[in-house]
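Please study the sequence and the model displayed below.

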Amino acid sequence: MRSKDEKTWRLVSHIVLIILSFMAVMPFILLVIASFTDETVAILNGYSYFPEKWSLDAYRYIANEAVTIFRAYGVTIVVTVIGTGVSLLITSMLAYMLSREGLPGRKVFNFLVVFTMLFSGGLVPTYLVYTSVFHIKDTLFALIIPNLLMNAFNIILVKNYFAYSLPSELFESARIDGAGEFKVLRSIVLPLSKPILATVGMMTAIAYWNDWQNGLYYLNDTKLYSIQNILNAINTSVQFLASNSVTGVTMDDIPSTTVRMAIAVVGILPIIIAYPFFQKYFVKGITMGSVKG
């Protein structure tokens with residue numbers, strides 16, 4: 001039986017968490033409501049949870065400009081899927097190598113991973129290497145490779161999970177049966193590491209989905225813009241929409257205030273839908289991958 005103090009503490013904790021959760025959700029609710037607000041009302045009165053007049057003009061514009069906006073949506077989906085898949089593959093392979101005691105070169109690679117967490121090459125040298133050496137400018141690789149494909153923090157999370165959350169007896173048994181390192185990784189380690197892989201995969205996918213800096217640095221071709229680059233261009237200048245319109249609209253025809261909100265809703269909707277399916281892995285994956293035993 002719980003004591004009276006424990007029950008009181010649990011009640012207060014639940015109330016505080018409900019309030020904090022409500023405060024976290026309210027901006028998203030305002031974002032959605034603002035996207036359905038009439039343009040004139042939004043300009044005169046600002047955004048409100050109870051607008052005087054509702055309108056679908058922003059979403060009608062998005063529907064009319066489907067070629068521009070949904071092309072950016074497609075680019076974002078392709079980049080997110082490819083980038084997350086390749087990132088998980090590279091991260092899991094490197095993390096497995098770092099987690100195995102006695103493998104050749106383990107200490108060198110471990111130093112290189114930790115070193116990149118402390119120091120970076122800087123924006124200008126990085127830009128010059130990617131554009132002059134690797135020639136990724138104005139290609140989809142510009143949205144996949146720089147700063148996102150490998151993350152030292154994710155590698156350490158996965159490495160700790162492999163090293164301290166999986167029984168070493170499994171590896172010894174597999175090697176006695178003649179399995180090599182790739183066989184052990186593919187048949188034993190990865191199937192048992194779904195929590196940490198789902199956690200890292202979700203974080204990587206969110207990073208790819210929300211990325212706009214790579215497009216800003218490495219893209220001049222607007223046809224390769226992701227949805228975040230489109231949104232950033234709109235926030236910078238609504239003239240972008242008029243100049244890239246395929247239906248011949250002018251700036252006077254664009255609900256500039258509410259269309260920003262509508263495109264933001266379109267941009268975050270897939271993440272909001274996908275997150276609940278991965279949420280159960282987050283606490284378990286982060287907790288088990290961040291501590292030593």
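## The largest pocket

Helix α5 (106–118) contributes the most to the lining of the largest pocket, with six residues. Helices α5, α6, α8 and α12 each provide at least two residues of that lining. Helices (H or I, at least four residues) and strands (E, at least two) are DSSP runs, numbered from the N terminus. The structure is a predicted model, in which local features need pLDDT of at least 70 and side-chain atom pairs count only at pLDDT 80 or more, while totals for chains, interfaces and linings use all residues. Residues are numbered from 1 along each chain as its sequence is written, and side-chain values use heavy atoms, with hydrogens and water left out.

The largest pocket holds about 810 Å³ of space. On a 1 Å grid over the protein atoms alone, a pocket is an open set of points where a 1.4 Å probe fits, with protein on both sides within 12 Å along at least five of seven lines; lining residues have an atom within 4 Å of a point. Grid points are joined across faces, edges and corners, and a volume is the space filled by probe spheres set on the points. There are 27 lining residues, and Thr116, Ser120, Tyr130, Asn147 and Met150 lie nearest the centre of the pocket. By type, the lining consists of 20 nonpolar, seven polar and no charged residues. Here Ala, Val, Leu, Ile, Met, Phe, Trp, Tyr, Cys and Pro count as nonpolar, Asp, Glu, Lys and Arg as charged, and the others, Gly among them, as polar.

## The second largest pocket

The second largest pocket has about 220 Å³ of space. It is lined by 12 residues, of which Thr80, Met202, Ala205, Ile271 and Ala274 are the closest to its centre. Helices α4, α11 and α15 (256–290) are the elements that give two or more residues to this lining. The lining of the second largest pocket comprises nine nonpolar, three polar and no charged residues.

## Helix α11

How far apart are the end C-alpha atoms of helix α11? They are 24 Å apart, which agrees with the 24 Å that its 17 residues (194–210) should span at 1.5 Å a residue. The expected span of a helix is 1.5 Å times one less than its number of residues.

Of the 17 residues of α11, 12 are buried, so the helix is largely enclosed by the rest of the structure. Buried means under 20% relative accessible area, exposed over 50%, and partly exposed in between (1.4 Å probe, protein chains only). Among the buried residues of α11 are Met202 and Ala205, which are also among the residues closest to the centre of the second largest pocket.

## Aromatic pairs

The model contains nine aromatic pairs. Rings of Phe, Tyr and Trp (its six-membered ring) pair if their centres lie within 6.5 Å; planes under 30 degrees apart count as stacked, over 60 as edge-to-face and the rest as tilted. Tyr130 and Tyr218 form an edge-to-face pair, with 6.0 Å from centre to centre and 85 degrees between the planes. This pair links distant parts of the chain, since Tyr130 belongs to helix α6 (residues 123–133) and Tyr218 to helix α12 (residues 213–218), 88 residues apart. Both Tyr130 and Tyr218 are buried.

Tyr218 also pairs with Tyr217: the ring centres are 6.2 Å apart and the planes stand at 85 degrees, so this pair is edge-to-face. Is Tyr217 buried or partly exposed? Tyr217 counts as partly exposed, at 27% relative accessibility, whereas Tyr218 is buried, with a relative accessible area of 1%. Ring pairs join Tyr127, Tyr130, Phe134, Tyr217 and Tyr218 into a cluster.

## Individual residues

Asp138 has a positive phi of about 60 degrees although it is not a glycine. Asp138 is located in the loop between α6 and α7 (141–144) and counts as partly exposed, at 30% relative accessibility. Asn147, also a residue other than glycine, has a positive phi near 70 degrees. Asn147 lies in the loop between α7 and α8 (152–164) and is exposed, with a relative accessible area of 54%.

Gly74 is found in helix α4 (residues 66–99) and is partly exposed, with a relative accessible area of 28%. The C-alpha atoms of Gly74 and Tyr225 are separated by 9.8 Å, and these residues are 151 residues apart along the chain.

## The chain as a whole

The chain has 15 helices and zero strands. Of its 293 residues, 38% are buried.
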